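Reader: I am new to this model. Please tell me what each label rests on.

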Amino acid sequence: MEKFVPVVVIKELSEVDKIMPALKASGINCAEITFRTACAKDAIKMAVEKYPDMLIGAGTVINEEQCRDAIDLGCKFIVSPGLSEGAAKVCKEKNIPYYPGCVTPTEIIRALELGITTVKFFPANVYGGLKALKALSAPFPQVKFIPTGGVDRSNIDEFLAFDKIEAIGGSFFVKEALEKMEEQNG
């Protein structure tokens, strides 16, 4: 897993060839393409085929079927806003990392029971941010977190300084990469 995981929402397939090169130019070789849009499957397939040197995963995966589809398309990791036991089972079968959204002690315990030790913490800003992560780390020292939602340039360094942060997720990476690309080309 890379330290930065851009959350990529593709509304039109043409965006794949804008966003992926922009991320690479910014030094980010990873993308979590969400299942939020009608063209998500096609976008994932295109990104996996055209950018084989990038770590492409699927995000907003909420069930076993989406998980299977994403893995069949070549995704190297799966991210969910919550914990899907079906997705966890498929990822374990296929030996693909699964990062479910877990924000309560009960959800974290359930993830641990499924053999998952790195979880997405979403939406981080709503569920107490870094303060909550530090509190949750006390009873769960074996757990690493990927905070997403409310993490941005104003607080990213604080999150990265905490040793229980596996990575930072966010759509702001995409926005920054596209702006940087436009500046260089404009």
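Author: Start with the elements: helices (H or I, at least four residues) and strands (E, at least two) are DSSP runs, numbered from the N terminus. On that basis T60 is found in the loop between β3 (55–59) and α3 (64–72). The model is predicted, so local features need pLDDT of at least 70 and side-chain atom pairs pLDDT 80 or more, while totals for chains, interfaces and linings use all residues. Residues are numbered from 1 along each chain as its sequence is written, and side-chain values use heavy atoms, without hydrogens and water.

Reader: What makes the phi of T60 worth a remark?

Author: Most residues other than glycine have a negative phi, and most peptide bonds are trans. T60 is not a glycine, yet its phi is positive, about 55 degrees. N95 is also a residue other than glycine with a positive phi, near 60 degrees. N95 lies in the loop between α4 and β5.

Reader: Which peptide bond is cis?

Author: The bond from F122 to P123, with omega near -15 degrees. P123 is placed in the loop between β6 and α6 (129–137).

Reader: Why is N95 called exposed?

Author: Compare its value with the cut-offs: buried is under 20% relative accessible area, exposed is over 50%, and partly exposed is in between (1.4 Å probe, protein chains only). N95 has 68% relative accessibility, so N95 counts as exposed.

Reader: And why does T34 count as buried?

Author: T34 has 1% relative accessibility, so T34 counts as buried. T34 belongs to strand β2 (residues 30–34).

Reader: Which residues is T34 in contact with, leaving aside its neighbours within four places in sequence?

Author: Contact means heavy atoms within 4.5 Å. With those neighbours left aside, T34 touches V7, V8, V9, A40, G59 and T60 by that test.

Reader: Why is T148 called buried?

Author: Its relative accessible area is 6%, so T148 is buried. T148 sits in the loop between β7 and α7 (156–161). Neighbours within four places in sequence aside, T148 is in contact with V7, K120, F121, F122, P123, A124, G169 and G170.

Reader: How many aromatic pairs does the structure hold?

Author: Four. F4 and F173 form one of them, with 5.1 Å from centre to centre and 45 degrees between the planes. This pair links distant parts of the chain, with F4 in strand β1 (residues 4–8) and F173 in helix α8 (residues 172–185), 169 residues apart.

Reader: Why is that pair called tilted?

Author: Rings of Phe, Tyr and Trp (its six-membered ring) pair if their centres lie within 6.5 Å; planes under 30 degrees apart are stacked, over 60 edge-to-face, the rest tilted. F4 and F173 are 5.1 Å apart at 45 degrees, so they pair and count as tilted.

Reader: Are F4 and F173 buried, partly exposed or exposed?

Author: F4 has 25% relative accessibility, so F4 counts as partly exposed. F173 has 2%, so F173 counts as buried.

Reader: What makes the pair of F121 and F145 edge-to-face?

Author: The planes of F121 and F145 are 85 degrees apart, and their centres 6.2 Å, so the pair is edge-to-face. F121 in strand β6 (residues 118–121) and F145 in strand β7 (residues 144–147) are 24 residues apart, and the pair links distant parts of the chain. Both F121 and F145 are buried.

Reader: Which residues do ring pairs link into a cluster?

Author: F4, F172 and F173.

Reader: How do you know that the charged end of K120 sits over the ring of F122?

Author: The rule asks for NZ of Lys or CZ of Arg within 6 Å of the ring centre and within 35 degrees of the ring normal. The charged end of K120 is 4.8 Å from the centre of the F122 ring and is listed as sitting over that ring.

Reader: What makes a space a cavity or a pocket?

Author: On a 1 Å grid over the protein atoms alone, a cavity is a set of points where a 1.4 Å probe fits but cannot get out; a pocket is an open set with protein on both sides within 12 Å along at least five of seven lines; lining residues have an atom within 4 Å of a point. Grid points are joined across faces, edges and corners, and a volume is the space filled by probe spheres set on the points.

Reader: How many cavities of 30 Å³ or more are found?

Author: A search of the whole structure finds one. The largest cavity has a volume of about 50 Å³. Its lining includes M1, E32, K120 and T148.

Reader: What is the volume of the largest pocket?

Author: About 210 Å³. It is lined by 13 residues, and I96, P97, Y98, G115 and I116 are the closest to its centre. α4 (85–94) gives the largest share of that lining, three residues.
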